[in-house]
Amino acid sequence: MKEVLFFILVLNVSGSIFTSHEDDDCFCQLQGQIDDCTCNVDTVDHFNNVKIYPRLRSLLQKDYFRFFKVNLFRKCPFWQDNSQCGIRYCHVEPCKENEIPKGLKEKDKEKFKENNKYLKDSLCEHEHNGGLGDINTTISDQAREDFVLWSAYDDAQDNFCILDDFDEDSSYVDLLLNPERYTGYKGASAHRIWQTIYLENCFRPNGYLNSYIQNHALNSMCLEERVFYRAISGLHTSINIHVCAKYLLRESSFKNPEGEWGPNLNEFRQKFSPETTNGQGPSWLRNLYFLYLLELRALQKALTYLVKEEFYTGNESEDWDTQLAIKDLLNIVQNFPYHFDESTMFNGHEQAQKLKLEFRQHFRNISSIMDCVGCEKCKLWGKLQIQGLGTALKILFSGKFDGSLMSEDTSKKSFQLLRTEIVALLNSIGRLSTSLYELDEFRFILR
């Protein structure tokens with residue numbers, strides 16, 4: 001029955017049946033070892049589609065992960081942007097006040113106190129142990145607030161993204177009510193976003209003018225520069241797969257007010273076929289696998305931190321289920337034997353640290369470029385996935401999640417992830433996992 005349905009989809013969506021050569025050309029490079037990793041494509045496909053994707057799909061339905069706080073009204077800092085998408089599918093459906101879990105609203109009321117409770121506890125312990133208390137047994141509210149600001153400043157030095165958490169214009173969005181899919185946003189405005197990312201913020205070989213770096217030029221770059229480009233390319237690929245898999249096939253009607261959404265094979269081939277991408281489409285698909293392994297490694301590296309997280313929303317039974325689901329997922333991730341090895345990056349002294357700083361600054365620029373996206377829904381998912389990747393990079397390269405710092409008995413007082421960072425990280429991995437799953441669906445349809 002499944003084969004029959006997909007056969008009908010091929011006829012309805014593409015208008016033709018592809019020859020065997022056309023069937024395989026998009027996937028011609030999806031085999032063998034993934035670039036700059038020790039894992040094969042087939043291993044990732046099986047691991048994701050059988051073990052990770054079903055778990056993430058269930059986990060991301062939970063209230064803790066479905067409500068994301070974001071500022072969709074921050075102005076573009078790089079150019080005057082008046083190209084707001086007027087198509088109704090670009091619109092983000094806002095949350096009503098009574099829909100937001102009470103636990104999240106409680107956290108917001110205690111912004112500084114709650115988000116820095118470990119710092120506050122640490123100060124209190126120091127007082128009682130004869131530290132600060134030897135000088136002054138009381139710490140004023142202003143002093144505590146200053147400590148919080150200093151701590152926030154120190155944490156910000158490790159951030160790869162501009163965070164929206166404490167912006168007055170930030171509000172909660174229900175991700176399940178605003179799924180990532182085709183919105184009709186395209187043309188010069190959308191093209192400018194990616195051009196600026198690739199041409200002005202990705203590392204490039206000297207004198208290389210093309211937006212997308214071909215493999216022969218990519219291999220001439222150092223590992224850190226390749227990692228940056230492959231991560232951005234993998235994210236771009238993932239977003240394009242979502243657009244192709246959830247394409248608007250028919251406009252809304254009285255009978256079907258939401259419209260009809262499904263896979264568009266022509267759009268998929270347009271974005272990834274060698275004939276339409278100057279031969280680069282298949283390598284872009286490989287970069288998706290690379291990014292998946294990079295973010296999966298970050299999840300593994302933060303394991304001992306995340307198992308201590310409460311995932312608090314105020315719904316005791318669901319919060320308990322969320323904790324169990326997270327532990328189950330992390331156990332699967334922990335046992336995966338082919339994780340990306342970030343320890344080979346930024347080794348050395350002055351030059352390596354300079355490159356690391358440049359790496360972070362480039363990515364922070366990209367996070368700001370997301371405020372220039374003219375489609376609300378595209379901006380929502382762009383900001384979320386960039387923040388998720390930024391959180392992964394923070395975990396991998398800040399040094400705060402390394403070695404003895406992440407031992408089982410270590411408290412969370414010395415560092416912490418904001419709730420939005422955790423939500424973004426898991427949803428970002430969820431998007432990559434879904435892309436791999438949908439990629440397999442496209443391969444099944446075509447064959």
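1. Phe-363 is buried because its relative accessibility is 2%, where buried means under 20% relative accessible area, exposed over 50% and partly exposed in between, with a 1.4 Å probe and protein chains only. The model is predicted, so local features need pLDDT of at least 70 and side-chain atom pairs count only at pLDDT 80 or more, while totals for chains, interfaces and linings use all residues. Residues are numbered from 1 along each chain as its sequence is written, and side-chain values use heavy atoms, with hydrogens and water left out.

2. The structure has 26 aromatic pairs. Rings of Phe, Tyr and Trp (its six-membered ring) pair if their centres lie within 6.5 Å; planes under 30 degrees apart are stacked, over 60 edge-to-face, and the rest tilted. Phe-228 and Phe-363 have ring centres 6.3 Å apart and planes at 80°, so this pair is edge-to-face. It links distant parts of the chain, 135 residues apart: Phe-228 belongs to helix H11 (residues 223-245) and Phe-363 to helix H16 (residues 350-369). Helices (H or I, at least four residues) are DSSP runs numbered from the N terminus. Phe-228 is also buried, at 2% relative accessible area.

3. A further edge-to-face pair is formed by Phe-359 and Phe-397, with centres 6.1 Å apart and planes at 70°. Phe-359 is in helix H16 and Phe-397 in helix H17, so the pair ties together parts 38 residues apart in sequence. Phe-359 is buried at 2% relative accessibility, and Phe-397 is buried at 5%.

4. Which residues make up the aromatic cluster that includes Phe-228 and Phe-397? The members are Phe-160, Phe-203, Phe-228, Phe-346, Phe-359, Phe-363 and Phe-397. Arg-360 lies over the face of Phe-160, 5.4 Å from the ring centre. A charge sits over a ring if NZ of Lys or CZ of Arg is within 6 Å of the ring centre and within 35 degrees of the ring normal. Arg-431 lies over the face of Trp-381, also at 5.4 Å from the ring centre.

5. On cavities, the whole structure holds 7 of 30 Å³ or more. A cavity is a set of points on a 1 Å grid over the protein atoms alone where a 1.4 Å probe fits but cannot get out; lining residues have an atom within 4 Å of a point. The second largest cavity contains about 70 Å³ of space. Its lining includes Arg-74, Asp-164, Met-370 and Lys-383. Helix H17 (residues 376-397) gives the largest share of that lining, 3 residues.

Note on methods: On a 1 Å grid over the protein atoms alone, a cavity is a set of points where a 1.4 Å probe fits but cannot get out, and a pocket is an open set with protein on both sides within 12 Å along at least five of seven lines; lining residues have an atom within 4 Å of a point. Grid points are joined across faces, edges and corners, and a volume is the space filled by probe spheres set on the points. Helices (H or I, at least four residues) and strands (E, at least two) are DSSP runs, numbered from the N terminus.
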